[in-house]
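Please read them with the structure open alongside.

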Amino acid sequence: QCVAVCPTGALMELDQVDKVWKALNDPTRFVVVQTAPAVRVALGEGFGLEPGTIVTGKMVSALRRLGFDRVFDTDFAADVTIMEEASELVHRLKNGGRLPILTSCCPAWVKFFEHQFPDLLDIPSTCKSPHEMLGVLTKSYYAETYGIDPKKITVVSIMPCIAKKYEAARPELGQSQVMPDVDIVITTRELSRMIREAGIHFEHLKDEEFDDLLGESTGASVIFGTTGGVLEAALRTAYEWITGETLEKVEFEALRGMDGIKEAIIPIAGRDYRVAVTHGLGHARYILEKIQTGEAHYDVIEIMACPGGCIGGGGQPYHHGNVELLKARANAIYEEDRSKPLRKSHENPAVLALYKDYIGEPYGERAHQLLHTSFTKRRKI
Ligand code: SF4
């Protein structure tokens with residue numbers, strides 16, 4: 001079933017709400033849901049709340065009332081992503097690997113890259129995106145810990161993003177199509193509709209917490225939801241790992257804001273790291289063409305396809321290009337970050353337990369099996 005996402009109806013969005021209801025109504029399925037960082041600062045708009053209202057607790061409560069067996073936080077896996085991506089950066093630095101390293105959380109950007117820059121396919125990080133990591137960890141770590149048959153688990157991702165629907169179907173993300181890491185993706189707008197269909201009075205819900213094992217997160221993971229956030233989160237961890245010192249000021253202001261391209265030089269342990277942040281694929285193309293021709297040199301680049309990053313994603317309540325509305329969502333993301341007792345991914349105790357009890361070394365053999373992926377050269381279009 002599809003719904004129109006453009007005024008002429010020429011472009012259709014895959015609607016998967018019926019698939020979610022079917023899974024929830026099937027007593028043989030153990031249905032797990034996860035929510036991306038940007039969803040919690042936009043979902044309230046679907047219920048008349050001001051843009052930038054943080055509704056994390058109400059969202060968790062609504063998901064339980066819809067009947068999900070467990071409610072997990074994609075933010076947990078965003079912390080795992082930083083453990084892997086920062087390790088990958090350090091590994092490349094130590095071993096003379098190719099730089100810049102590019103973030104790989106955004107499937108629209110990854111697909112664009114595969115078509116447009118196949119000669120640079122060795123520079124993106126090989127990390128899966130956070131919701132794919134959470135999917136595979138649910139069907140391995142969580143399933144083994146609680147003795148659940150992973151084939152009976154359905155993982156539903158609530159995303160700000162339409163491209164994640166396509167990403168979940170990529171054959172390399174999971175053990176073939178028999179057991180993909182993530183089974184169903186619905187958007188923030190589709191979740192609003194489900195909550196209304198169920199007759200839940202969202203505004204009156206009491207706050208609830210995510211479920212254990214895959215529900216704990218730091219401020220670093222929350223900022224994944226806005227442009228510059230993934231790079232800032234990675235730098236919080238990479239700085240401490242490279243220097244062995246505590247990073248006192250965790251905010252990297254130069255990476256924040258709505259400029260299409262932001263550049264900064266970050267000194268760490270006597271070396272200047274050249275970093276860049278872009279959102280919008282036109283800006284990404286501009287930077288990558290400079291890398292291709294050797295005109296520009298960077299160490300780390302974050303690229304997101306949507307305006308403002310995931311807060312402005314195609315699955316969010318429509319923003320119609322309203323920059324003030326996007327800023328309100330971004331401010332809420334930074335407020336949530338400030339409210340967290342821990343703000344660096346490598347300090348997340350649940351993530352540390354995952355590595356100690358199950359994965360072993362970050363960027364090690366098991367981490368590669370579960371948390372990393374590969375890219376495909378595609379025809380230039
Ligand atoms: Fe999806 Fe847009 Fe976020 Fe990319 S930036 S992951 S396309 S919502």
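Which residue is the bridge partner of methionine 159 in S9? The points below begin with that pairing.

1. The bridge partner of methionine 159 in S9 is threonine 187. This is a predicted model, in which local features need pLDDT of at least 70, side-chain atom pairs count only at pLDDT 80 or more, and totals for chains, interfaces and linings use all residues. Residues are numbered from 1 along each chain as its sequence is written.

2. Strand S6 (residues 153-159) pairs with S9 in the parallel sense over four bridges, where pairing requires that DSSP finds at least two bridges between two strands. From strand S9 (residues 184-187), Ile184 and Ile186 point one way while Val185 and Thr187 point the other way, and all are buried, a residue being buried if 20 or more other C-beta atoms, placed from the backbone, lie within 10 Å of its own.

3. Helices (H or I, at least four residues) and strands (E, at least two) are DSSP runs numbered from the N terminus, and on this basis the chain has 13 helices and twelve strands. Four of the strands form an open sheet of mixed pairing, in the order S5-S12-S11-S10. Strand S5 (101-102) and strand S10 (261-268) stand at its edges with a single partner strand each, so one side of each is left without a neighbour in the sheet.

4. Within this sheet, strand S11 (residues 271-279) and strand S12 (residues 300-304) run parallel and are joined by five bridges; valine 275 has valine 300 in S12 as its bridge partner. Helix H10 (residues 281-293) packs on the sheet and touches S10, S11 and S12, its direction making about 145° with that of S11. The angle runs from 0 to 180 degrees between N-to-C directions, with axes fitted to C-alpha atoms, for helices over the stretch in contact, and contact means C-beta atoms, placed from the backbone, within 7 Å.

5. The ligand is surrounded by 13 residues, and the closest are Cys106, Cys161, Cys306, Cys310 and Gly313; a residue is near the ligand if its C-beta atom, placed from the backbone, lies within 6 Å of it. Helix H4 (107-116) and helix H6 (163-168) are the elements that give two or more residues to this shell.

6. As for the whole chain, 50% of its 381 residues count as buried. Residues 24 or more positions apart account for 75% of the contacts with a separation of 6 or more. The C-alpha trace spans about 55 × 50 × 45 Å along its principal axes.

Notes. Buried ≥ 20, exposed ≤ 12 C-beta atoms within 10 Å, placed from the backbone. Contact = placed C-beta atoms within 7 Å.
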